[in-house]
Amino acid sequence: MRVVIKPSAVAVADFVANTLINGVREQVFKTLGLATGSTPLPVYQRLVDAYRENRISFADVSTFNLDEYLGLPASHLQSYRYFMDQHLFSQTDFNRDNTFVPDGMSTDPIHSCEDYEQEIRRRGGIDVQLLGIGRNGHIGFNEPGSSLASRTRVKTLTEQTIRDNARFFKPDEMQPHLALTMGIGTILDAKHILLLACGDGKAGALKQMLEGPVSSHCPASALQFHSDVCVVADEAAAAKLEQRDFYLHVEKEHQQFIARYYT
Ligand code: PGA
């Protein structure tokens, strides 16, 4: 795995946004796998800025979001469809018909999940999947104990995830305990994976993911089986990595290699 350690969360967002912008412009990234949460927000702001500056068009790009709360309508402020519409889709030229988020209001969630998988296949698969990481090592809503071969399905959230996300809900508001999420197998099918981790709250999970054993106890560790993962972390999230200095050295060598042979 490529591990890119940046001095700040701002530098993480710059790096990831530039990677996405270049990939979309070069038409390598035609189908994006997107994530919600606080970490990708500054990335989406940069994509909106690039669109406003006429540096990019998303008119021919399809998107699939990782997950959605079961029971929340698209109009709910905490639904992930609302989040995506508000922070990215409505501010750019994405064709809404090409943006997919699991249907939180489905009356047949099991079939909706199968349809979601089918739609991903129908569009040729995901070119690049953006991921955050939960403090418990989850990716999407694949909580510890998730099958490493899982596909899109209904999952029960852990107490910790519910607590971590409670800050977004009003005290008297119903907070869902179930979600529809792409599975780990679904995520591993993406051609490229970009995982972002910022802040000291993620340091333990990042260490488990990169330097621990592959285990459903840390769902993100399944990414060790993927051939094209780029982990982009700020110094705080990278603080517990035993091999931190080596990752910095490898990245420096990588940049020199690219400059020498490919520019
Ligand atoms: P965050 O969430 O970006 O809000 O920290 C990440 C996650 O839980 O996957």
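How many bridges pair β2 and β6, and in which sense do they run? Select both strands and have a look: they pair in the parallel sense over two bridges. Here, two strands pair if DSSP finds at least two bridges between them. Helices (H or I, at least four residues) and strands (E, at least two) are DSSP runs, numbered from the N terminus.

Before you go on, keep in mind that this is a predicted model, where local features need pLDDT of at least 70, side-chain atom pairs count only at pLDDT 80 or more, and totals for chains, interfaces and linings use all residues. Residues are numbered from 1 along each chain as its sequence is written, and side-chain values use heavy atoms, with hydrogens and water left out.

**Stop 1: the seven-strand sheet**

Now bring up the whole sheet around β2 and β6. Seven strands make an open sheet with parallel pairing, in the order β1-β10-β9-β6-β2-β3-β5. At its edges you'll find β1 (2-6) and β5, each pairing on one side only.

Zoom in on Gly33: its bridge partner in β6 is Gln129. Then step from β6 to β9, which pair in the parallel sense over four bridges. Pick Leu130 and you can find its bridge partner in β9, Leu194. One more step takes you from β9 (residues 192-197) to β10 (residues 229-234), parallel strands joined by five bridges. There, Ile193 has Val229 as its bridge partner in β10.

Are the residues on the two faces of β6 buried or exposed? Val128 and Leu130 on one side, and Gln129 and Leu131 on the other, are all buried, so both faces of β6 are covered. (Buried means under 20% relative accessible area, exposed over 50%, and partly exposed in between, with a 1.4 Å probe and protein chains only.)

Next, select helix α1 (residues 9-25). Helix α1 lies across β1, β2 (31-34), β6 (128-131), β9 and β10, and runs at about 150 degrees to β10. For angles like this, axes are lines fitted to C-alpha atoms, for helices over the stretch in contact (heavy atoms within 4.5 Å). The angles run from 0 to 180 degrees between N-to-C directions.

**Stop 2: the ligand**

Click on the ligand and show what surrounds it: Gly37, Ser38, Thr39, Gly132, Ile133, Gly134, His138, Arg167 and Lys202. To be near a molecule or strand, a residue needs one of its heavy atoms within 4 Å of it.

An N or O atom in the side chain of Ser38 is 2.9 Å from an oxygen atom of the ligand. For Thr39, a polar side-chain atom lies 2.5 Å from a ligand oxygen atom. Lys202 also has a polar side-chain atom 2.5 Å from an oxygen atom of the ligand. Taken alone, the ligand exposes 280 Å², and the protein buries 80% of that. (Those accessible areas come from the Shrake-Rupley method with a 1.4 Å probe; for residues, only the protein chains shown count as cover.)

A polar contact is a pair of N or O atoms within 3.5 Å; within protein, one must be able to donate a hydrogen and the other to accept it, and residues adjacent in sequence count only if both atoms are side-chain atoms.

**Stop 3: around β5**

Head for Thr99, in strand β5. Thr99 counts as buried because its relative accessibility is 4%. Its side chain reaches the backbone oxygen of Arg96 at 2.9 Å. Leaving aside neighbours within four places in sequence, Thr99 is in contact with Thr63, Arg81, Phe89 and Phe94.

Now pick Asn95, in the loop between α3 (80-87) and β5. Asn95 has 34% relative accessibility, so it counts as partly exposed. A polar atom of the Asn95 side chain lies 2.9 Å from the backbone nitrogen of Asp97.

**Stop 4: the three-strand sheet**

Finally, select β4, β8 and β7. They form an open sheet in the order β4-β8-β7, with antiparallel pairing. Because β4 (67-69) and β7 (153-156) stand at the edges with a single partner strand each, one side of each is left without a neighbour in the sheet. From one strand to the next, the twist averages 30 degrees. To end the tour, find Val154 and its bridge partner in β8, Leu180.
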